Amino acid sequence: MEEWTVRVEHCDTKKEKPDTDHLEFGRSFTDHMFVMDYSEPLGWHDARIVPYQKLTIDPSAMAFHYGQTVFEGMKAYYTENGEIQLFRPDKNLARLNHSNDRLCIPPVDEEFVLKAIKQLIYTDKEWIPKAEGTSLYIRPFIISTEPYLGVAPSHHYKLIVILSPVGAYYKEGINPVKIAVENHYVRAVKGGTGEAKTGGNYASSLKAQEMVSKQGYSQVLWLDGVEKKYIEEVGSMNVFFKINGEVVTPALNGSILSGVTRDSVIELLKYWDVPVTERRISMEELYQAYVDGQLEEAFGTGTAAVISPIGELAWEGKKLEVNNGKIGETAKRLYDTMSGIQYGKVEDPFGWIVKVKETEPVK
Ligand SMILES: *Cc1c(COP(=O)(O)O)cnc(C)c1O
């Protein structure tokens, strides 16, 4: 492989920045983006930071037809003393390659792409909002671009990274959400693509989400795709329950997405000596724990919200109210610690934080 460098083409005029008090998730994008192409026999090449712009892609490009795409999601945070931080970005890049493998997309050089992402963030650092709880969302994604309608892995791809300033997830404090257990639709099955971060998983989840939101629920709780008994995820987050002092989360089974937040929550709980177990857990067992008065907490985990407490679960005509609809102490402690580490307010004993500095341009 030839030596990789990132070519930089700055924009002539900078865009107007959105009102940082009213940032809507994923609506505005920064001045630049990172792009890299793949073709054979060159491999990944022409890494460049260019002005944010529309793409010209052939209508027959494979991504449009058969969904051979993957993506990632992470954030850059400003600390109080003006440093820019990432949270375990190496995990996101490793997962990108894991998703690539599942979708027959050629792997990327994780270290190189991380360096390029840092350089992109530094280029557009004026876009990172500074108010409490705000951040810069980073969206790397890969699309198959070969103009061909045959069903086969593409020979051409684009990796693109775009950046979007986002507001605080919890502007009015953390209010637990109502969740409906989904008994009809499924998100993924073992052997399918549930473990990969690919657009198709989201496309197939829309219908269930649309149905329950009409009934006043904010998300669905996904059950396994075979028996529809075992708990998998909540919306597009991983899920945790505190039952009689023990924190339980579904074990990674081939259909659950391995969240960076999930992994960090498990690490933190172990560090605190709070019992935490990854295992199979059925809805029946959860209901029994509830009936026995042992279901103490329930919460989702993901990059967007960090921790999203569940106040109520609706299942087969029954309503399980969790912790009187309030955030539990474990969820609160996890939220405060994780977001504290991300914003540089709490010490990071794990080496999770990666700083973005004005480094040598990637060569
Ligand atoms: C991205 C994602 C998560 C959360 O992953 P994080 O790395 O914690 O943001 C959980 N479930 C699904 C289905 C996802 O796509």
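The model is predicted.

**Ligand site**

The ligand sits in the largest pocket. Around the ligand there are 14 residues, and those that come nearest are Lys197, Tyr202, Glu233, Thr261 and Thr303. Sorted by class, this shell holds six polar, four nonpolar and four charged residues.

Threonine 261 and threonine 303, which are both among the residues that come nearest, each place a polar side-chain atom by an oxygen atom of the ligand.

| Residue | Atom on the residue | Atom on the ligand | Distance |
|---|---|---|---|
| Threonine 261 | polar side-chain atom | oxygen | 2.6 Å |
| Threonine 303 | side-chain N or O | oxygen | 2.6 Å |

The protein buries 96% of the 390 Å² that the ligand exposes when taken alone.

**Salt bridges**

With a cut-off of 4 Å between a side-chain nitrogen of Lys or Arg and a carboxyl oxygen of Asp or Glu, the count comes to 20 salt bridges. One of them joins arginine 7 to aspartate 46, with 3.2 Å between the closest N and O atoms. Arginine 7 belongs to strand β1 (residues 7–8) and aspartate 46 to strand β3 (residues 43–51), so this pair ties together parts that lie 39 residues apart in sequence.

**Backbone features**

Two places in the backbone deserve a look in the structure above. Where is the cis peptide bond with omega near 5°? This bond runs from glutamate 40 to proline 41. Proline 41 is in the loop between β2 (32–39) and β3. Strand β3 is also the element that holds aspartate 46, the partner of arginine 7.

The other place is valine 306. Its phi is positive, at about 70°, although the residue is not a glycine. Valine 306 is part of strand β16, which spans residues 306–315.

Conventions: Residues numbered from 1 in each chain as written. Predicted model: local features only at pLDDT ≥ 70, side-chain atom pairs only at ≥ 80, totals over all residues. Heavy atoms only, no water. Near = heavy atom within 4 Å. Polar contact = N/O pair within 3.5 Å; in protein donor to acceptor, adjacent residues only side chain to side chain. Areas by Shrake-Rupley, 256 points an atom, 1.4 Å probe, with all protein chains shown as cover. 1 Å grid on protein atoms, 1.4 Å probe; cavity = no way out; pocket = protein on both sides within 12 Å on 5 of 7 lines; lining within 4 Å. Sits in = over half its atoms within 2 Å of the grid points. Nonpolar A, V, L, I, M, F, W, Y, C, P; charged D, E, K, R; others polar. Helix = DSSP H or I, 4+ residues; strand = E, 2+ residues; numbered from the N terminus.
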